[in-house]
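Hi there,

Here is the structure I promised to pass on. Have a look at it first, and then read on for what turned up.

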Amino acid sequence: MNPDPDQKKNVSLLSSGIQGLDDILRGGFTINRFYLVEGVPGSGKTTLAFQFLMEGVRRGEPVIYITLSETEDELRGIAASHGWSLEGITIRELVPPESLLQPDEQYTMFHPSEVELSETTKTILTTVDEIKPTRVVFDSLSEFRLLAGSALRYRRQILALKQFFSSRKTSVMLLDDMTHDGADQQVQSIAHGIVRLEQLNPEYGAERRRLSIVKYRGVSFRGGYHDYVIRRGGLEVYPRLVASEHKMPAITEKLPSGIAELDLLIGGGIERGTSTLIVGAAGSGKSTLAAQFVAAAAARGQNAAMFLFDESIHTLLTRSAALGMDLRKPIQAGRVKVQQVDPAELSPGEFVHVIRRSVEEDHAAVLVIDSLNGYLNAMPEERFLIAQLHELLTFLGQSSVATILIGAHRGLVGGPMVAPVDASYLADSVVLLRYFESKGDVRQAISVVKKRGGAHERTIREFRMEGGAVKVGQPLREFHGVLTGVPSLDPDTVKFGMNKNL
């Protein structure tokens with residue numbers, strides 16, 4: 001559904017206690033309604049429910065946790081693992097007592113559901129009338145469904161509870177562990193809103209979790225899947241990035257690299273609000289070139305951020321220092337932030353959240369993603385990477401960030417250079433680094449093959465990393481076929497002695 005900023009202005013909302021979830025819900029849960037939270041065991045339903053209740057306690061509200069499956073001791077153990085105190089939360093344990101296992105306690109004339117459901121319902125109603133809570137959690141519907149015995153009785157009991165709590169101005173969260181076959185359409189049709197938690201288990205790496213809002217009556221919530229993680233302290237939810245919601249005043253500025261020949265080649269520098277893709281074979285200088293722009297930005301007093309998938313921070317700093325780029329000082333000063341990303345552990349949604357924080361809180365002018373190959377490994381399928389990357393680049397462009405993407409080609413010298421993911425059509429500029437062979441030496445060339453909305457040199461220059469510096473030479477006019485990797489000398493330029501310094 002499309003976002004409506006004027007929606008629910010005059011409607012009171014209950015915070016879920018989770019900032020990201022409130023953002024997805026456009027502020028929180030509507031008060032005095034029935035909500036269903038469904039997910040497989042281990043997806044975080046109980047944790048979410050506790051955060052919902054603790055937010056109520058923080059606001060001075062009376063709240064109840066009614067458990068039909070786990071004991072109070074187990075629940076307090078879960079809370080302790082997150083470092084929480086359950087002070088202010090009333091826990092009512094309706095787990096069948098151990099005495100029911102005795103033969104004398106078995107029902108003979110009545111079916112167990114006829115007795116146990118009535119007793120359970122009576123206990124619930126008595127507890128609610130006694131405490132008068134504003135928030136109630138039921139854990140879980142599986143036991144309630146079994147106690148009802150039939151679908152008709154189950155639905156009538158849920159409807160009766162809904163009417164009971166509605167008359168007492170109580171917001172209710174029902175937890176369903178989805179251990180039955182199929183979705184619980186009985187409760188889904190009755191619930192005012194449905195939050196679904198999913199747990200995915202990739203073939204390699206940590207489990208991935210995501211949530212979606214299946215239903216929320218009268219609210220234009222943020223649709224789609226949203227990544228979340230469970231850490232000590234509770235659920236952290238990362239709303240799906242929608243670039244159109246983050247439009248900011250544009251800043252027009254060219255950011256030079258500090259190398260005169262390189263800036264001539266690229267048309268004066270990279271522009272804020274644009275993306276630049278640097279592609280080339282392994283070891284051709286892609287990361288070094290990106291670090292040069294970061295170091296130049298820091299020297300001008302601007303902030304920058306680097307996200308490394310393939311290289312350690314120590315290696316980056318050591319290599320950069322050897323080429324005259326001391327990134328340690330701006331890192332210590334807080335101008336440059338470098339984060340190493342493990343694609344097996346970090347979900348795509350969390351990665352986008354970290355980037356947003358670099359832009360919105362740290363005000364980064366230059367942002368480097370090194371590399372797209374590592375980023376691809378964090379995604380289940382390539383088509384999702386392209387869609388998310390497009391949204392991310394749009395957001396960064398609207399935030400006036402100069403984004404540098406690194407893409408590694410397969411192969412070294414000669415032959416076709418192929419990238420595992422083609423993002424060249426998404427980037428505003430494309431810088432190509434290429435090895436070529438000349439007189440028994442392996443040399444490197446740099447060229448700009450694409451730049452939207454700006455002039456740039458169409459020459460091919462030599463690129464070197466030597467003598468403690470990054471150097472860009474004069475145009476390679478004495479060669480034909482440099483970009484093939486195996487060039488040939490141009491007799492005319494050799495005859496007239498052009499580029500003797502090379």
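A quick definition before the details: a residue is called buried under 20% relative accessible area, exposed over 50%, and partly exposed in between, using a 1.4 Å probe and protein chains only. Please keep in mind that this is a predicted model, in which local features need pLDDT of at least 70 and side-chain atom pairs count only at pLDDT 80 or more, while totals for chains, interfaces and linings use all residues. Residues are numbered from 1 along each chain as its sequence is written, and side-chain values use heavy atoms, with hydrogens and water left out.

First, the overall picture. Of the chain's 502 residues, 52% count as buried. There are 15 helices and 24 strands; these are DSSP runs numbered from the N terminus (helices: H or I, at least four residues; strands: E, at least two).

Now the sheet. Nine strands form an open sheet in the order E16-E15-E17-E18-E14-E19-E20-E21-E22, and the pairing is mixed. Two strands pair if DSSP finds at least two bridges between them. At the edges are E16 (336-340) and E22 (469-475), each pairing on one side only. Strand E15 (residues 303-308) runs parallel to E16, with 5 bridges between them, and methionine 306 has valine 338 in E16 as its bridge partner. Helix H12 (residues 348-360) packs on the sheet and touches E15, E16 and E17; its direction makes about 155° with that of E17. Such angles run from 0 to 180 degrees between N-to-C directions, with axes fitted to C-alpha atoms (for helices, over the stretch in contact).

The largest nonpolar core has 37 residues, and Val366, Ile404 and Ile446 touch the most other members. Helix H9 (residues 286-299) is the top contributor to this core, with 8 residues. A nonpolar core here is a set of buried Ala, Val, Leu, Ile, Met, Phe, Trp, Tyr and Cys residues joined through side-chain atoms within 4.5 Å. Leaving aside residues up to four places away in sequence, the contacts of valine 366 include Leu255, Val294, Asn303 and Ile404, where contact means heavy atoms within 4.5 Å. Serine 399 sits in the loop between helix H14 (382-398) and strand E18 (402-408). This serine 399 is buried at 9% relative accessible area, and it touches Met248 and Val359, again not counting residues up to four places away in sequence.

Finally, the charged pairs. Side chains of opposite charge can pair when their charged atoms come close. A search of the whole structure gives 26 salt bridges, each being a side-chain nitrogen of Lys or Arg within 4 Å of a carboxyl oxygen of Asp or Glu. Here are some of them:

- Arginine 319 bridges to glutamate 311, with the closest N and O atoms 2.9 Å apart; arginine 319 is partly exposed at 24%, whereas glutamate 311 is buried at 14%.
- Arginine 356 bridges to glutamate 360, with the closest N and O atoms 3.6 Å apart. Both lie in helix H12, 4 residues apart, about one turn of the helix. Arginine 356 counts as buried at 19% relative accessibility, and glutamate 360 counts as partly exposed at 39%.
- Arginine 452 bridges to aspartate 428, with the closest N and O atoms 3.1 Å apart.
- Asp23, Arg26, Arg222 and Glu245 are linked in a network of salt bridges.

Best wishes
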